[in-house]
Amino acid sequence: MAKDLDGKTQGIGASSKRREDARFLMGRGKYTDDINVVGQTHCHFLRSDIAHGRIVTLDVEAARAAPGVVGVFTAADLEGVGGVPCGWQVTDRHGAPMKEPKHPILAEGKVRHVGDPVVAIIAETPEQARDAAELIALDIEELPAVIDMATAAQGPAVHDEAPDNLCFDWLFVAENAEAVDRAIAEAAHVTKLELVNNRVVANPMEPRAAIGEYDLSRDEYTLTTTSQNPHVIRLLMGAFVLSIPEHKLRVVAPDVGGGFGSKIYHYAEEAFVTWASARVGRPVKWTASRSEAFLSDAQGRDHVTTIELALDAENNFTAIRCHTLANLGAYLSTFAPCVPTWLHGTLLAGNYKTPLITTNVKAVFTNTVPVDAYRGAGRPEATYQLERVIDKAARERGVDPAALRRQNFIQPDQFPYQTPVAVQYDTGDYDATLTKALDLADAAGFAARRAESAARGKLRGFGIASYIEACGIAPSSLVGALGARAGLYEAATVRVNPTGSVSVFTGSHSHGQGHETTFAQVVAEMLGLDEGAVDIVHGDTARVPFGMGTYGSRSLAVGGSAIVKSVDKIVAKAKKIAAHLMEASEADIVFDNGQFTVAGTDRAVAWGDVCLAAYVPHKYPIESLEPGLEETSFYDPANFTYPAGAYVAEVEVDPETGVIQVLGFTAADDFGSVVNPMIVEGQVHGGLAQGLGQALMETATYNADGQLQAASYMDYAMPRAGDLPMFTVDHSCVTPCTHNPLGVKGCGEAGAIGSPPALVNAVIDALHGGGYPVAHIDMPLTPQAVWQAIQAVRPAAAAAE
Amino acid sequence: MELTGERMIAAERAAVWAALNDADVLASCIPGCEQMAWVGDNALEAQVTQKVGPVKAKFKGAVSLQDVVVEESYRLVGEGKGGAAGFAKGGAAVKLTDAEGGTLLSYTAEAKVGGKLAQLGSRLIDGFARKMADEFFDRFKSAVEGPQAADDTAENGAEAPADAPATVAAPQTPSPETATAEPETPEPATAASEASDDGGEQKKGWFGRLLG
């Protein structure tokens, strides 16, 4: 159970129950598909079922004449409509910008992945739209599909702009490359590991949906969509795709049932329904089927990496060198280029003081669904390779993996710590979380537990992983220098109503994170109000100030900080009003627990009196102060935040079947200050389930023809409750963030970042403990993969006996 | 996946070859085939209803005969579009050799699927392809050999989940007793040679004629 700090029942530190759960649990949430607009039509996309090919025949006449059809559109009808833009530009190691081929709304002459939309059919009912699609004559001349990154350069070009299918070849930190090579050549020991970070499907519970509406009388568009960042969609779609000025375009993201990154991006379907609503003169609605989600939601990970870790004779890390092939899929999704680069390369220092690091990333186009950020985004890939190679090094050097980590940790007195990979960690204590995790996981008792398992013929393993992530994304000037085509501040308006209740309009977007509860706790604490007096409004560009949305564990650290800034301004103004009401000097006013008092006296006015005075300014300093009590702030962070921690997995492997049982999983996280411990615990649980899902069973497999084979829940294995142990989650190790007002770091992604390496390390430990010297198994660690790894070393194991 | 197999058929090689070129015979042998007609020298059009795992679809497709060596071998190549269900492609290289008591038919077949079929049925496709190939050649064997073998085919057909409602396929074959007792049943060889004589659309296999 999450413990409330100081036994609080509300405000910062209290485990207030999530107010949004009442509607979610009763089925009263209002998601995009729940919204039906008068006169709406339904859109169906005819998608390519071939991975790569040229469109030879496309005849839609019969579909146009089908019952109920309102309109049928192909790329030819979309003249003047832009492609789906990319929000980040990466510069090649040779100084050239990345290859940025057009991502059309509907396929233009060529299809590039199974699921690529070719025709949009709008009809009175979804069934009529689907039936009409059957009448479309679409012939595609099949080209060989580019699937395997290693041989992509030899394949046919997915885009003519990138003849060798290379989007960019990135080297970071280029200036260190020679020194790294030298350090590795001179090292006492080099541990090398080749590994795959498997591709996963995001699988939010709610599939994507969109409704486009055009109001002729006002010449105004409204898009209701499943987005994590409605303002970003408005900006990208309005400016780059449809040329609709922002004052004529409203984007609403109502209740959104999970995103995990996949709903950050601007997608072709939402642009199409917006555009088409004006063309057909009626609202146009589209809701993805689960099958479409598998073929059109941006997927995650998919890196193939070789990492080398150099150690000196005393086992100090001296250098790291990585080579990664990163799969981008068929088109550049909104933030795809930054995931394998700036969200990945900058985290390769991990929790360690390795002085020299370089990574080379080759980003490859393939005939697969586009890949973009998925819970953690780049940081899980960095953490996985680092924590796996360190574990391997410990084994090769015959040292305790925890001791090897401790020896190389950045020490508490070294903060702020400038890493060799561009970022500066503000604060942390990595030893503290590792010690905490080992204690909670009863590391001391493991030998006895292993012996007990061995007595039953089972192999027990204990695996640890430390992680650090850069969250609270991000200082705009920094990301601008790194290629971002947007700022990454956050905005908040705090509106105090005349009777003292508060409406907060935040640019953050909640799609499962519990902002409506957490943000209200912060405001209630600052104003001494009951949480019930604070309402959080988000997800509508017509209501909230220009915000950048929710991803990268940024909502509380950046969005919350913007709210704090606005509340600070409110309090400052309210003090002036209170001073006037009490005929005292502003400097003497003390605001505490909802009361304004004159210091050293018993004179006081309550919060409500001040609010009323602000809106009924009868007795009011009207010459020097405007009426009203409403403030807007934009907060641009000074640095990333750096949540860090240590995870421990304990597993039991059946050597006869390869089946893994996860017996225990412990997470000790330093998230800085915590607002709602229960919500933090829930966020970690969710992240762990996704991370362990990736490690144990999830994988998006394409065959050589580019057909996604794991494209339904019959074949794509999602973790279920029975696959996971009860997690032990701790966040008592706290080094508050030094540069935001709440001291918070972000907790949304940690679980998915730190858990895969801990799990794999535990399984490898189990196999070694059982006499099977398996160096590595690529995720997912299915029983088959584990069993095959055991078989591969069985002769060696037998010989050793 | 490549599938290989062979069938010993109690008929002359010429008769077997003729049947291999008879649209009606082929239609009756392709499980779920609802119609099939010649549209060119070596090209047929077909409509097949099939179910792969959870996906049931009506495929409209083209079948062509390639690498034809008369009375010896050809490749039967088919591609069907199943609309929302995706597509299926398949091919079978068929070879005939004389053998004691008839003709040995050997084949190598392969199948590929795309779209929803691949999404939902890829796990099942190898087993499905094997079943389809087995059923096709079993039916073909009995079609050529005549009603004596209808017995086996009926059993096989009954096991198949996807019946072919509009075809003359095995499940609708008259009961074995009736069939064997039927004196008008033409000799398979005769029917086959007839079929091979005219390649027009009017030709009717003996099974088709039997059922009107």
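Me: In chain A, what percentage of the contacts with a separation of 6 or more is accounted for by residues 24 or more positions apart?
Reply: The model under discussion is predicted. For chain A, the contacts considered are those with a separation of 6 or more.

Me: Why is the radius of gyration of chain A said to agree with that of a compact globule?
Reply: Chain A has 801 residues, and a compact globule with that number would have a radius of gyration near 28 Å. The C-alpha trace of the chain spans about 95 × 75 × 50 Å along its principal axes. Its radius agrees with the globule because the value for chain A is 28 Å.

Me: How many helices and strands does chain A have, and what percentage of its residues count as buried?
Reply: The secondary structure of chain A comprises 18 helices and 28 strands. As for burial, the share of its 801 residues that count as buried is 56%.

Me: Is A:Leu347 buried or exposed?
Reply: A:Leu347 lies in the loop of chain A between strand E14 (317–329) and strand E15 (356–365). A residue is buried if 20 or more other C-beta atoms lie within 10 Å of its own. A:Leu347 has 26 such atoms within 10 Å, and is therefore buried.

Me: Which residues does A:Leu347 touch, not counting residues up to four places away in sequence?
Reply: A:Gly281, 66 residues apart from A:Leu347 in sequence, is 49 Å apart from it in space, C-alpha to C-alpha. With residues up to four places away in sequence left out, A:Leu347 touches A:Gly378, A:Arg379, A:Ala382, A:Thr383, A:Ile468, A:Glu469 and A:Ala470.

Me: In E28(A), which residue is the bridge partner of A:Ala667?
Reply: Strand E27 (residues 660–670) of chain A runs parallel to E28(A), and 4 bridges join the two. Within E28(A), the bridge partner of A:Ala667 is A:Val729.

Me: In chain B, which residue in the turn between E4(B) and E5(B) has a positive phi?
Reply: Strands E4 (residues 55–69) and E5 (residues 73–81) of chain B pair in the antiparallel sense over 8 bridges, and B:Gly61 stands opposite B:Gly80 in E5(B). The two strands form a hairpin with 3 residues between them. The residue in the turn with a positive phi, about 65 degrees, is B:Glu71.

Me: Which residue takes a positive phi in the hairpin of E5(B) and E6(B)?
Reply: E5(B) and strand E6 (residues 87–99) of chain B run antiparallel and are joined by 9 bridges. B:Leu76 has B:Ala92 as its bridge partner in E6(B). The hairpin has 5 residues between the strands, and the residue with a positive phi, near 60 degrees, is B:Gly83.

Me: Which element supplies the largest share of the side of chain B that touches chain A?
Reply: In this interface, 13 residues of chain B are in contact with 16 residues of chain A. Strand E7 (102–114) and helix H3 (116–121) of chain B each supply at least two residues of the side of chain B that touches chain A. The residues of that side divide into 4 nonpolar, 6 polar and 3 charged. The largest share, 4 residues, comes from H3(B).

Methods. Residues numbered from 1 in each chain as written. Chains lettered and ligands numbered in written order. Predicted model: local features only at pLDDT ≥ 70, side-chain atom pairs only at ≥ 80, totals over all residues. Buried ≥ 20, exposed ≤ 12 C-beta atoms within 10 Å, placed from the backbone. Contact = placed C-beta atoms within 7 Å. Nonpolar A, V, L, I, M, F, W, Y, C, P; charged D, E, K, R; others polar. Rg over C-alpha atoms; globule rule 2.2 N^0.38 Å. Pairing = 2+ DSSP bridges.
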